[in-house]
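Visitor: Pick one part of this model, please, and walk me through it up close. After that, show me how the rest is put together.

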Amino acid sequence: MLRRRELLRLGLASGLSALGARRASALGFVKGDPPPSPRTTPFVGPLPIPPVITPVSPFPADCTLPPQSNLARLRFHRVITEQRLVRLHPELPRTAIWGYRDANTPRTGYEVLAGPTFIGRANEPLIVRHENQLPRDHVGFGVPNTTVHFHGGHNPAESDGFPEDIPGFRAVMHPGERFDYCYPLLDPGFSTGQADPTDRAATMWYHDHFLDFTGPNVYRGLSGFFLFFDELDTGDERTGLRLPSGAFDIPLVFQDRRLDRNAQLVYDGMLDHNGFLGDKELVNGAIQPYLVVRRRKYRFRMLNGANARFYGLRIVDRDGRPQPFDLIATEGGLLARPVRGQNLAILTPAQREDIVFDFARFPAGTRLYFENRLEQEDGRGPKGDFEEPEFLERGVRLLELRVEGGPVEDPSRVPDVLRPFAAIPAGEVARARRRTFEFERRHGVWVINGESVDLERPIALVPRNEPEVWRLKNGSGGWWHPIHVHLEFMHVLRRDGRVANLPEERDGLAKRDVISLGPNSEVEVFFKFRDFTGPFVFHCHTLEHEDAFMMARFDVV
Amino acid sequence: MRPVAALVLAVLTLGCQAPSGEPAARAAAGAEGLPEAAPPSSFVPIPDVALVTHEGRPVRFYSDLVRGRVVVVQFFFTDCQGICPVSTGRMRELQAALGERLGPEVSFLSITLDPAHDTPAVLAEHARDIGARPGWTFLTGDLADITALRYRLGVYDLDPELDADRNQHAGVLVLGNEPRQRWSMKPATLSVRPLLAALERTLGT
């Protein structure tokens, strides 16, 4: 039985979908369109969990850590970027993907789409050597040159994964080349004598960032998780805040893909830059998998790793009734206090939210589902606007949760206070340098403040350690744009002139590194770029928009 | 015309050349059972529509102009007072910067959005006026074919009102490397240095 959403995708729902209208108006577009992905039975394969990366022996590195780094705790890792085969669903043949692999794992032993998961700890630096072994003579979408962006990290410009080589500044690895990245994992403000231990992330990720081709490269599989722990969020549910840990702390990356009849990836986002949507829903690289859960609390770290799809995530029972969870973190790390009783998490591409869900109240045999309730037909974003997105009557089920076993001991908890941090002092906001960046579509291309951006020229020179208020304005009609600013978290001050009132955005409660900019709306955010100087970028994280130059360089000076 | 009828008509009338491969089946297996090179990913075909050049030569878009080549594609019209002079000016700068590489290494394809007016003779005069050298081809044809081509190359707007405005489609340069099946899109307002850099990324050098 086809769901309404699938009918919409096929253009068969009552009335004509936007896609159908587009095809009709194009006279002949339809013949070239690939057929839908092969059918697969939902929930027959287990949820893959990407393995945690293991250390390698120290090596002389080509990058430099800041002098404040705690070298006594320095660890080294090696990552291979390569093409490999993975099975996205038990009923499908294997799919050729591009992926990251821990160099300690043999090539044939790594059958996961997502790269290995990094575990970072506060003030314990990492040096990561990436080796590009992608096929030099690759034919098809994607380009085998790569840079690695540590998304959510507070890192030197040389290690941030700038999208392109610019004069005097190397960033790109061609096939056969390597690049060493230095991640100090120091608290922001460390260089000013005002290190802020409350400004720590929780769930981050890393992915390709090569100029013009990030969309196809990430779609081929170049992404992985980076989780962060410290003395509060310890990774051990018997210490610190006692958040669910270990086997009960599960990263979930939500992505969509489209496959041909041989289960190979289909992508036309190199030509069509509106934003690519797939018709298969993947969690951790598997199409509609299942997860067996015990009757206790779990932490789910939800990442929207899709190119252009927005997710409105719910946990529902068999009848579609939403079940409440506690929201504990966004991109900017743990909230000051949990937001309890939530039942919807809207994530734009690249956004993350951590939740805790308690299965203790469900008897063994219960089936629950992560589902996506947002309605989206093209790369413009979900239907509706930021205040009132439109929801599907019945969501698309992404992951089945199978409750098994009897009552179990659960030492974890979600305390009423997580990681409090001070609101930005009014004086800082008052004296902040104000800038406006308006994102518009003109003559079929994206411009920022009316200009096509050139990464050899910064759009702004930002003084280090000075307060900044950026007004991010979406003047592009019916489009949504998730705007990602590298290097520091954004504090949301105002949305459309009003004080931000979303529970996860209220100032003093949360920070983000991707801002959801709804159609014809604007957001004011506060920053202080405290430590690292040099070139960084901000851009739309709908990856096809980014590849169509919806990106700008700013230099911290 | 009702949409369904339009689609059927389109399928009947439009010749499409499919450069898509048979990925998994044809991928050569390496020593570890992994493909040595990337299997040719199934790729959406470039329409092989019939067009006419400014020299009056009938051509097929895919098989005669794109297959085996690196191309810079521009949509424009000779009567355009808006963005077209900017994008044409940029292509002239690119022509100068490429020098002898234009033709043997990179082809320029400028496709009119106004075929009723832009006949081969009008296009030939335009080519002379702007100093286009061999390697830069101006193309006209049936509007429906040109529209299908424009959509497939990603030069369209999801908003039907904007899509109906020809000026909206003339600010983009589409860069293509057909042997590598590698495509990208650049604003024509970009200066020539980053455009050349983008072309080099598309060439893969």
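Guide: Let's start with a pair: Leu313(A) sits opposite Asn372(A), which belongs to strand 19 of chain A. Before going on, some housekeeping: this is a predicted model, where local features need pLDDT of at least 70 and side-chain atom pairs count only at pLDDT 80 or more, while totals for chains, interfaces and linings use all residues. Residues are numbered from 1 along each chain as its sequence is written, and chains are lettered from A and ligands numbered from 1 in the order in which they are written.

Strands here are DSSP runs of E with at least two residues, helices are runs of H or I with at least four, and both are numbered from the N terminus. Strand 19 covers residues 367-374 of chain A, and seven of its eight residues are buried, so the rest of the structure largely encloses it. (Buried means 20 or more other C-beta atoms within 10 Å of the residue's own, exposed means 12 or fewer, and partly exposed is in between; C-beta atoms are placed from the backbone.)

Who are its partners? Strand 14 (residues 311-317) runs antiparallel to strand 19 of chain A, with five bridges joining them. Strand 20 (residues 391-407) is also antiparallel to strand 19 of chain A, joined by seven bridges. Two strands pair if DSSP finds at least two bridges between them. In strand 20 of chain A, Leu401(A) is the bridge partner of Leu368(A).

Elsewhere in chain A, six strands make an open, mixed sheet in the order 22-21-24-29-26-27. Its edges are strand 22 (445-448) and strand 27 (498-499) of chain A, each pairing on one side only. Further in, strand 21 (residues 433-442) and strand 24 (residues 467-474) of chain A run parallel, with seven bridges between them.

Two loop residues are worth a click. Asn520(A) lies between strand 28 (514-517) and strand 29 (522-528) of chain A, and its phi is positive, near 50 degrees, though it isn't a glycine. It counts as partly exposed because it has 15 C-beta neighbours inside 10 Å. Arg242(A), in the loop between strand 8 (223-229) and strand 9 (249-257) of chain A, is another non-glycine with a positive phi, about 65 degrees. Arg242(A) is partly exposed too, with 18 other C-beta atoms within 10 Å.

Zooming out, chain A has six helices and 31 strands, and 55% of its 557 residues are buried. Its C-alpha trace spans about 60 × 60 × 50 Å along the principal axes. Of its contacts with a separation of 6 or more, 78% link residues 24 or more positions apart; a contact needs two C-beta atoms, placed from the backbone, within 7 Å.

And chain B? That one has eight helices and seven strands, with 49% of its 205 residues buried. In helix 8 of chain B, the buried residues include Leu195(B), Ala198(B) and Leu199(B). Among the elements covering the buried residues of helix 8 of chain B are strand 3 (70-76) and helix 4 (84-98) of chain B. Just after helix 8 of chain B comes Gly204(B), with a positive phi of about 85 degrees.
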